[in-house]
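Subject: Structure handover

Hello,

Please find the structure below, followed by notes on what was found in it.

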Amino acid sequence: MEFRQLQLFIAVAEELHFGRAAARIGMAQPPFSQQIRRLESELGVELLTRTSRHVALTAAGARLLEEARALLARRVDATHAVREAASGESGTLRVGFAASSAFGVLPDIVLRFRTRFPKVKLELDDSETLNVGAALASGELDLAILRAPFRHEGLTVERLLRERFVLALPARHPRARQRVVALSSLAHEPFVLFPRHSAPGLHDLVTSMCLAAGFSPNIRQEARSWPSVVGMVEAGLGLTIAPASSQALCPKGVVFRPLSGAPGHAELVVAFPGRRPSPAAQHFRVLAHETVSRSGRDTSD
């Protein structure tokens, strides 16, 4: 039984006239009638009763009409679904990200993506135990947004955002009255940072900047999420150095000040397997670049 045979059967079942049904399909009546008889032979049942003046559906024919309509409708739905998946407009997109990459820009990208591609199921993974490079290479993840430096064989890595570092400190801290804070003046201040294993690139950049300024940071507290980091800063447990975009997610009790003598930049990158991402990942990648460009957050100079 083929879809074409079902289309012919539906035509005659609805017209209850072989001549009209054949004309509707655009066939001559003899080969049309032959196809219907072949369908009956394949199924081993009579679908239509025929007289010189009358055509009617048998009970089996009535049931086949119901099933044929459903099958052809399902065929159309399936074709549409496959095409949507091929174009990246449906399916599942698995995106990994480091905790420190969630500063400001990631929520905007996710919101725009969900609005533009509502049929794509977006799965976000920020698990600390996840080896992002291996997960991308194996297909466990389709794309990731991470802090640079990040390299892994077989992956394409693109810079998404480059931004300056700023100092986050309690609003009541004496240095909050300064317009700009010299990094070298923080040698005796306690710091709150992400653990190195959760954000190695960011952790190493902050540490290297402090060493270049003449001191090793006195890390008193560590926290795995940005809300926890700024919560500790607000409580007066220490200061933190963070990418400028982190100012978008900040409690009222924390202020940010530009840093002088801080030569480094924080970079956010997009990574995906091979040379070109999957269709849905490509949509996410394009929206990520558009979001950063429109936000004006990139400070590439």
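How far does helix H7 (residues 200-212) reach from its first C-alpha to its last? The helix has 13 residues and reaches 18 Å, close to the 18 Å expected at 1.5 Å a residue. The expected span is 1.5 Å times one less than the number of residues. Helices (H or I, at least four residues) and strands (E, at least two) are DSSP runs, numbered from the N terminus.

This is a predicted model, in which local features need pLDDT of at least 70 and side-chain atom pairs count only at pLDDT 80 or more, while totals for chains, interfaces and linings use all residues. Residues are numbered from 1 along each chain as its sequence is written, and side-chain values use heavy atoms, with hydrogens and water left out.

Helix H7. The buried residues of H7 are Gly201, Leu202, His203, Val206, Thr207, Met209 and Cys210. Buried means under 20% relative accessible area, exposed over 50%, and partly exposed in between (1.4 Å probe, protein chains only). They pack against strands S6 (155-170), S8 (190-193), S9 (218-222) and S10 (240-243). After H7 comes glycine 214, with a positive phi near 105 degrees.

Cores. A nonpolar core is a set of buried Ala, Val, Leu, Ile, Met, Phe, Trp, Tyr and Cys residues joined through side-chain atoms within 4.5 Å. The largest has 32 residues, and Leu167, Leu183, Leu186 and Ile241 have the most contacts inside it. Two or more residues each come from S6, S8, H7, helix H8 (226-234), S10 and strand S11 (254-260). S6 gives the most to this core, with 5 residues. Another core, of 24 residues, lies apart from it and includes Val95, Val105, Leu106 and Leu160.

Helix H9. The 17 residues of H9 (residues 279-295) should span 24 Å at 1.5 Å a residue, and the end C-alpha atoms are 24 Å apart, which agrees. Among the buried residues of H9 are Phe284, Leu287 and Val292.

Rings. The whole structure holds 4 aromatic pairs. Rings of Phe, Tyr and Trp (its six-membered ring) pair if their centres lie within 6.5 Å; planes under 30 degrees apart count as stacked, over 60 as edge-to-face and the rest as tilted. Phe113, Phe117 and Phe284 are linked into a cluster by ring pairs.

Regards

Conventions
Contact = heavy atoms within 4.5 Å.
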